[in-house]
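Hi everyone, thanks for coming. Have a look at the structure on the screen, and then we'll walk through it together.

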Amino acid sequence: MDRNLEGKVAIVTGGSRGIGRSIAQTMSQAGARVMITSRKADACEEAAEAITKETGGEVTYVPGNVGRSEDIERVIGTTLESFGAIDILVNNAATNPYAGPVIDVDLPRWGKTFDVNVTAPLAWVQACWNAYMKENGGNIINISSVGAFSTNAILGVYDITKSALIHLTQQLSAELGPNTRVNAICPGLIKTDFARVLWEEGRGDQVAQMYPLKRLGEVEDIAEAALFLATESSSWITGQAIIVDGGGLSGFGTPSVSL
Ligand SMILES: NC(=O)c1ccc[n+]([C@@H]2O[C@H](COP(=O)([O-])OP(=O)(O)OC[C@H]3O[C@@H](n4cnc5c(N)ncnc54)[C@H](OP(=O)(O)O)[C@@H]3O)[C@@H](O)[C@H]2O)c1
């Protein structure tokens with residue numbers, strides 16, 4: 001597999017921890033210059049410094065909320081000023097403010113989940129496209145979820161947004177080719193803060209047993225898939241949602257707990 005991202009510039013939203021941080025680190029290791037962004041400046045700074053130390057690459061950050069247009073503009077402007085390009089956009093940040101049946105969700109939390117998980121990724125693609133990719137080409141990776149493919153007693157709202165993100169991925173791939181590829185990754189349960197309630201106190205062991213590969217995911221499992229989609233190894237792949245879930249969706253009992 002081609003692991004070379006020399007000369008490329010990547011933006012990773014939600015890059016301060018969890019899956020986004022691992023993607024930022026893996027892309028930096030592959031030679032990309034990386035811009036990370038998330039709401040907390042100190043967490044971004046710590047991640048950028050740690051990754052730079054680890055990889056010897058160029059990693060910088062601009063704090064911001066993915067759903068705020070002025071923050072998007074600031075991140076993109078600084079990336080172009082600092083690095084002169086935006087070759088790769090990883091739409092990774094997401095939210096899950098509601099747990100319960102969809103029929104009972106209050107519309108503000110429904111709206112917030114869609115704002116962060118669907119509208120913001122579109123806004124980022126629009127901004128990167130207009131500022132750079134339309135002229136120069138690009139590569140977009142949206143982090144969806146295996147939850148997009150099934151119903152769930154308490155995570156239905158989140159899962160609907162992740163399903164919409166896959167459709168958005170397909171639609172944009174059709175619109176933005178041939179110079180820009182758009183793909184999604186659908187993780188199963190990964191041991192991060194976001195999913196902590198699903199794996200801490202031994203709960204994760206039960207889920208792991210339902211996976212044919214008998215373990216939960218690690219952030220690196222998703223980062224490796226993102227690297228594949230970002231390099232020329234996947235140059236004829238666009239509009240796809242790649243499932244990285246230890247086989248959970250194919251297992252004998254599909255885990256009902258996954259984010
Ligand atoms: N973990 C899993 O099991 C799992 C499974 C399937 C899919 N996913 C997906 O994988 C992606 C990453 O999840 P994760 O598990 O790595 O989560 P995580 O460890 O909680 O990290 C989330 C990152 O996003 C940032 N973030 C959250 N809301 C933001 C906002 N409104 N604006 C800007 N940044 C924001 C956070 O930093 P700040 O708090 O500083 O903003 C943090 O850097 C998400 O799209 C999630 O839906 C995760």
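Predicted model: local features only at pLDDT ≥ 70, side-chain atom pairs only at ≥ 80, totals over all residues.

Let me start with a question: how do the residues of the lining of the second largest cavity divide into nonpolar, polar and charged?

The chain's secondary structure comes to eight helices and seven strands. Its radius of gyration is 17 Å, close to the 18 Å that the globule rule gives for 259 residues, so the chain is as compact as a globular protein of that length. If you put a box around the C-alpha atoms along the principal axes, that box is roughly 45 × 40 × 35 Å.

Now, back to the cavities. Around it you'll find Thr-13, Val-66, Asn-91, Asn-92, Ala-93, Val-116, Ala-120, Pro-121 and Trp-124. Helix α4 gives the largest share of this lining, four residues. And here is what you were waiting for: six of the lining residues are nonpolar, three are polar and none is charged.

Let's move on to the pockets. The largest pocket holds about 740 Å³ of space. Its lining counts 35 residues, and those nearest its centre are Arg-17, Asn-92, Ala-93, Ala-94 and Phe-194. Helices α1, α4 and α5 each supply at least two residues of the pocket lining, with the largest share, three residues, coming from α1. By class, this lining has 14 nonpolar, 15 polar and six charged residues.

The second largest pocket has about 290 Å³ of space. Here 17 residues form the lining, and Lys-8, Gly-138, Asn-139, Ala-230 and Glu-232 lie nearest the centre. Four of the lining residues are nonpolar, eight are polar and five are charged.

Last stop: a pair of helices. We describe two packed helices by the angle between their axes and the distance between the axes. For α1, residues 18–29, and α2, residues 41–55, the angle is about 35° and the axes are 10 Å apart. The crossing is right-handed. On the α1 side, the contact is made by Arg-21, Ala-24, Gln-25, Ser-28 and Gln-29, which meet Glu-46, Ala-47, Ala-50, Ile-51, Glu-54 and Thr-55 of α2. Sorted by class, that contact has four nonpolar, four polar and three charged residues.

Definitions and conventions:
Residues numbered from 1 in each chain as written. Heavy atoms only, no water. Axes fitted to C-alpha atoms, helices over the stretch in contact; angles between N-to-C directions. Left-handed = near helix turned anticlockwise from the far one by under 90°. Contact = heavy atoms within 4.5 Å. Nonpolar A, V, L, I, M, F, W, Y, C, P; charged D, E, K, R; others polar. 1 Å grid on protein atoms, 1.4 Å probe; cavity = no way out; pocket = protein on both sides within 12 Å on 5 of 7 lines; lining within 4 Å. Points joined across faces, edges and corners; volume = space filled by probe spheres on them. Rg over C-alpha atoms; globule rule 2.2 N^0.38 Å.
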